[in-house]
Each structure stands twice: as structure tokens, then as C-alpha cells.
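Dear colleague,

Please find the structure below, handed over for your records. My notes on it follow.

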Amino acid sequence: MMRRRDLVGSLAAGALLPALPALGASRHRHRPGDPSWPSDTAWANLDRAVGGRLVKPAPIAEACAVAPRSAACTALFTDLANPFYVGDQPGGTQVSGWLDAWRPGVSAYAVAAASSADVAQAVNFARRHNLRLVVKGGGHSYQGTSNAPDSLLIWTRRMNAITPHATFTPRGAREPAGPAVSIGAGAMWIDAYEEVTTKGGRYVQGGGCTTVGVAGLTLGGGFGSFSKQYGAAAASLLEAEIVTADGQVRVVNADRDPDLFWALKGGGQCAFGVVTRLTLKTHPLAETAGGAFGAFKASSDGAFRRLLGRFVDLYAETLHTPHWGESVHVGDDNSLHINMVFQGLSNAQAQAAWRPLIDWAAADKEITATGPRILGAPMRGWWDFSDARRTGADFVKFDRRPGAPAHHAWWKGDGEQVSMFLYGYDSLWLPASLLSPPERGRLADALYAASRHFGVELHFNKGLAGGSAEALAASRNTATNPAVLDAFALAIIATGGLPAYPGYPKPNIAAAERDKARIDAATAALRPLAPAGGSYVSESNYFNPDWRRAFWGPHYPRLAGIKAKYDPNGLFVMRHGVGQEHWSDDGFTRLA
């Protein structure tokens with residue numbers, strides 16, 4: 001049954017804004033200054049309906065735009081390197097734009113929603129007044145989908161409650177689904193890990209970056225460090241509360257609106273409505289988790305090609321298992337940097353896995369090895385940063401603002417992306433068939449060729465081949481491109497520079513264009529390995545013309561049909577989201 005507070009909230013929303021007819025053939029959304037833009041009275045009514053939670057977002061770097069030499073501007077430089085601060089601003093986004101693609105543009109108004117009733121009010125208001133609607137939780141959007149100028153923003157950051165369940169029965173189901181956790185749409189993964197793992201001794205499959213939003217990652221079919229063991233985040237979804245375009249608050253699962261529920265499992269962020277709460281399956285913890293960190297450097301091109309060949313052999317024969325995740329970086333300076341993690345192995349077992357490559361490198365005079373160091377510990381402490389705070393360890397950074405929760409920290413390696421201005425980005429899934437002995441040489445050759453143009457990262461946890469049978473079975477029942485099931489890794493080629501905000505040096509556009517061209521060349525060198533391999537929607541090329549096939553493959557027609565059923569007039573539109581082909585790039589004009 002619907003809980004009383006949800007029912008009352010829904011009725012309240014309907015009392016203010018009764019069910020309204022769809023906008024039908026209207027082709028243009030309204031902007032400020034248009035004759036049909038809502039009046040001040042209309043906005044005031046919305047503010048009252050959401051309990052005074054209507055705000056006017058400001059540009060996140062406004063202090064530097066107004067007074068570049070002020071103390072407020074100086075302090076902002078520190079804040080803009082803190083992902084928690086950035087996410088706490090209605091006008092903030094994780095990155096500061098993308099060359100030739102988008103720059104941050106704050107919404108005209110935002111509803112800082114505290115409940116599904118607030119969200120319903122905002123959805124009804126946007127539909128009634130034909131407004132561009134945008135949704136933001138964590139704000140980790142490389143594509144810029146969590147912000148749009150002249151729009152109404154639904155900001156879910158305050159909806160961050162986390163409730164573990166010893167056993168959970170989805171609404172309408174006959175049998176319990178087992179241990180689970182319900183998480184508000186505005187929560188970050190570090191908060192989920194604090195409750196589920198550090199305090200509760202279980203695991204919920206989420207993002208590797210601690211400040212990623214729970215809702216955005218799950219809806220986008222995202223991955224975490226241990227995806228080969230536990231599957232994509234969407235594979236653990238048991239139930240979701242969602243406000244659809246008609247303003248209804250729905251609770252969906254495998255028994256209630258099963259088509260919409262399936263679409264939420266990887267069909268893209270906010271394409272079908274505004275998710276306000278998710279319930280995810282939790283898993284038993286492995287006894288141990290750890291990492292392998294180090295580097296190999298070749299002194300000649302020939303030696304580097306040999307190194308890549310030996311690493312491909314090692315990965316195929318030893319590391320292509322549910323135990324290993326994260327990445328290696330194939331550098332354009334003939335280096336191979338190791339940044340991998342493991343679970344369910346002892347330190348000795350993890351060390352033994354790397355021994356063949358370490359011994360081979362020691363015997364080759366043209367190869368210099370640093371590590372890899374193996375560091376393992378009980379998995380329950382993976383996100384427990386209390387010792388790091390006490391000792392001052394530098395592998396994590398803390399939110400030092402007054403009142404910030406003690407567990408709010410981010411991995412040092414993720415810090416470089418905060419407020420970054422992207423120059424170029426591309427990704428493609430590489431099929432596990434490349435790990436067969438006859439194909440390994442071709443894979444190593446392509447990695448070498450690509451690295452002559454730009455560095456390539458192989459994210460093994462973002463391809464599910466080699467994963468556990470349970471992970472593969474659960475992930476198969478999601479909307480993500482099924483190519484992920486056959487991929488051993490996601491190859492990512494990307495870079496960026498200093499924030500494109502007032503107070504910072506202006507981006508060197510000529511240098512950025514050169515890097516963009518190098519990324520394109522590196523991608524072209526890898527493309528023949530997987531000409532139809534697909535790409536991960538949240539970490540992909542903004543300019544990909546084949547995005548429907550790349551992100552969802554054969555699932556796209558089904559997703560488009562579900563979109564037409566629940567959002568027939570395209571209230572929820574975003575860059576490369578389901579149904580976006582019917583709208584202009586800015587989401588304001590319906591295409592003929």
C-alpha cells in the first residue's frame with residue numbers, strides 16, 4: 001500500500017495543479033521574456049506549494065565574475081576543487097563544460113525537492129507552462145544533462161535518506177527479495193557505503209567515485225570497482241519510486257509497471273520521469289579487498305610493444321576473473337600504469353597473480369618496474385576513512401567544511417576531474433574474444449598504435465565478461481547495451497584542463513583542439529577491434545552520431561516505445577537520452 005505521507009503529498013499536488021491535458025502539438029518550450037512565461041504570481045504559487053523550496057540558482061563562480069580579486073573569489077578556488085561543495089550548489093556541475101559542446105548554464109528556477117510531492121508539483125508546473133525541465137542529483141554529468149539555461153530544475157540533493165532492510169518485499173510481490181537498502185535520489189555513494197558496508201557489513205553495488213549520485217549511476221547502468229563480481233548497479237534494482245510526466249507518483253518493480261521498471265535499469269538518467277527513491281539489493285561482503293598499484297616503463301618502442309603483449313597475456317590468463325577490477329593506463333610515453341583492485345583474494349594470491357609479469361620485466365633490460373604494490377585489508381573497511389583522517393594519509397581527500405560528515409571523502413585520483421573543462425572524450429567496449437590466443441597480438445598492436453596518439457585507459461570493471469554467473473545473469477536483465485556482457489573492458493580516451501570559470505586562465509583553445517584531434521586518432525586506432533562494440537552512455541563521446549545503437553543496441557526500439565507510453569510529449573529531454581532525436585539539441589524545440 002502507498003504510505004500515508006506519499007498519498008497526502010500526491011493529493012496536495014493534485015489540489016494545486018489538477019490533472020492537465022498534454023501540450024499536444026506545441027513545438028516550442030517557453031523561455032524567460034516570452035509572453036507565455038509563467039507570471040511572478042504563478043512562481044509564487046509554486047513556491048508555496050513546495051514549502052518555500054523554490055530557489056533561483058546562481059552561477060557557481062559568480063563571486064569571481066563579480067569581484068575577481070575579492071576574498072570570496074580566492075576562497076572559491078578551494079571550494080571548486082571540493083566535489084561535495086560543487087554538488088551542494090544548485091548551479092554546480094562536476095565538470096565545467098566541454099570544448100565545442102556545452103558550458104554550464106543555470107536554470108531560471110529550481111525546486112530543491114524534499115519529497116516526491118515536491119517533485120510532482122514541479123513536474124506538473126513544467127508540463128502546464130510548457131517549460132524545459134532538467135533534473136540533478138549528484139551532478140556528475142559529462143554530457144551536461146544536469147543543467148540547462150532558461151529551465152526549471154528539479155534538484156533532489158536533499159532527498160538523501162538511506163534505510164537498510166534485513167529483508168525487503170517489493171510492493172505487490174508474493175515473495176521477499178532478501179536484504180536491501182532504500183536510498184533517496186539525492187544521496188551519494190559514499191553515504192550508501194557508510195550505511196551499508198561500514199556500519200552494516202554488507203555491500204551495495206555502486207560507483208567507484210564516492211561523490212557520484214546513486215540515482216544517476218543506477219539509471220545510467222553504471223559500474224563500480226567490483227562490477228565483475230556484483231554486476232552493473234542497475235542489475236541490483238528491486239524497486240523505484242518515480243514521478244512520471246503526468247505528475248503521478250508511482251512505485252514500480254517487476255510486478256508493478258514492469259515495462260517502466262525495466263527501462264529504469266540502465267535506460268538513461270531521467271528519460272522516463274524523476275526517480276525519487278531506489279531500493280537496491282545488498283550482497284554479502286568478501287572477506288578482503290585491496291589494490292595493485294605500480295608502473296612499468298619501456299625504454300624503446302619495441303620494448304613497449306613487448307610489454308603490452310605480455311600484459312595482455314597476463315590479463316587473459318590470470319586477471320580476467322570476478323576478483324579484479326579498475327584500470328590500467330597505456331601511456332603515450334611507453335608506460336603502463338597499474339591502478340587495479342581486487343576482492344575475495346588474499347594478499348599472497350593477489351601477489352601471485354602479478355608474479356609472471358614482474359619476473360618477465362625483471363629479465364628484460366629495457367623494462368623498468370615499480371611494483372605493483374599489493375595492499376589488502378578487510379573489505380568492510382574499504383570506505384571507512386577514519387584512520388586516514390586520523391593519520392593524515394593522502395590517498396583520500398576530505399570535505400573540510402564546517403559541519404561536513406566525517407565520512408565525506410573522495411579518492412585522491414578522482415580529484416582531477418572536479419571542475420575540469422573537457423577537451424575530448426570517447427569510449428568503446430572491447431569484446432572478450434580479443435583475449436583468445438589468436439587475437440591477443442591484434443589487441444596489443446592496436447593499444448600500441450592508439451598510444452602513439454594519446455593515452456588509453458582500460459577500465460576492466462566496466463565490461464562484464466569474465467564476471468560471476470550471478471552478475472552476468474542479473475545484468476542481462478537490464479536495458480544497457482548487451483555488448484557490455486561480452487566486453488572485458490571499456491577503453492576510455494579523454495582529457496581536459498583547468499576549470500572554464502571566471503578567475504581561472506582562459507582555456508588554450510588551440511592546445512585543446514590538438515588534444516581533441518589526438519583523442520579522435522587514438523579512438524580510430526582502436527575502433528577496428530570493435531566496430532559495433534558500443535559505448536557506455538555516461539562516459540562517452542558528446543558528438544557520437546550513432547548514440548542510440550552505441551548506448552542501447554537492440555534495446556533502443558523497446559525503450560523508445562516505453563518512452564512514448566509514459567512521456568508522449570517529451571517533457572523529459574536530455575542530450576542523447578531516449579527520445580532526444582525528436583528535439584533540438586537544447587531541448588526547446590520539437591523537430592518536425
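This is a predicted model: local features need pLDDT of at least 70, side-chain atom pairs count only at pLDDT 80 or more; totals for chains, interfaces and linings use all residues.

At roughly what angle do the axes of α14 and helix α16 cross, and within what distance do they come? The axes of α14 and helix α16 (residues 509-526) cross at roughly 170° and come within 8 Å. Axes here are lines fitted to C-alpha atoms, for helices over the stretch in contact, and angles run from 0 to 180 degrees between N-to-C directions. The two helices, α14 and α16, are therefore roughly antiparallel to each other; angles under 35 degrees count as roughly parallel, over 145 as roughly antiparallel, 65 to 115 as roughly perpendicular and the rest as oblique.

Residues are numbered from 1 along each chain as its sequence is written, and side-chain values use heavy atoms, with hydrogens and water left out. Helices (H or I, at least four residues) and strands (E, at least two) are DSSP runs, numbered from the N terminus.

Helix packing

In the pairing of α14 with α16, Ala-446, Leu-447, Ala-449 and Ala-450 of α14 meet Ala-522, Ala-525 and Leu-526 of α16, where contact means heavy atoms within 4.5 Å. By class, this contact of α14 with α16 has 7 nonpolar, no polar and no charged residues. For the classes, Ala, Val, Leu, Ile, Met, Phe, Trp, Tyr, Cys and Pro count as nonpolar, Asp, Glu, Lys and Arg as charged, and the others, Gly among them, as polar.

Helix α14 (residues 437-451) also packs with helix α11 (residues 301-319): their axes come within 9 Å and cross at roughly 130°. That angle makes α11 oblique to α14. The crossing of α11 and α14 is right-handed; a crossing is left-handed if the near helix is turned anticlockwise from the far one by less than a right angle, and right-handed if clockwise. The α11 residues involved include Phe-304, Arg-305, Leu-308 and Val-312, and those of α14 include Arg-440, Leu-443, Leu-447 and Tyr-448. By class, the contact of α11 with α14 has 8 nonpolar, 3 polar and 6 charged residues.

Nonpolar cores

The largest nonpolar core has 110 residues. A nonpolar core is a set of buried Ala, Val, Leu, Ile, Met, Phe, Trp, Tyr and Cys residues joined through side-chain atoms within 4.5 Å; buried means under 20% relative accessible area, exposed over 50%, partly exposed in between (1.4 Å probe, protein chains only). Trp-43, Val-123, Leu-152, Trp-189, Phe-226, Leu-264 and Phe-272 have the most contacts inside this core. Its largest share, 6 residues, comes from helix α6 (residues 116-129). A second, separate core of 53 residues includes Tyr-315, Val-328, Leu-434 and Leu-443.

Leaving aside neighbours within four places in sequence, the contacts of Phe-272 include Ile-242, Leu-260, Leu-264, Leu-559, Ile-562 and Phe-572. Ala-122 lies in helix α6 and is buried at 0% relative accessibility. Not counting residues up to four places away in sequence, Ala-122 touches Leu-46, Val-111, Leu-152 and Ile-154.

Individual residues

Ser-182, in strand β6 (residues 178-184), is buried with a relative accessible area of 7%. Although Ser-182 and Leu-280 are 98 residues apart in sequence, they are 6.4 Å apart in space, C-alpha to C-alpha. Beyond residues up to four places away in sequence, Ser-182 touches Ala-161, Ile-162, Thr-163, His-165, Arg-277, Leu-278 and Thr-279.

Asp-34 is in the loop between α1 (4-16) and α2 (40-49) and counts as partly exposed at 30% relative accessibility.

Backbone geometry

Most residues other than glycine have a negative phi, and most peptide bonds are trans.

- The peptide bond from Gly-371 to Pro-372 is cis, with omega near 5°; Pro-372 is found in strand β15 (residues 367-378).
- Asn-130 has a positive phi of about 55° although it is not a glycine; Asn-130 is in the loop between α6 and β3 (133-136) and counts as buried at 4% relative accessibility.
- Glu-326 has a positive phi near 70°, again in a residue other than glycine; Glu-326 is in strand β13 (residues 324-330) and is buried, with a relative accessible area of 16%.

Yours sincerely
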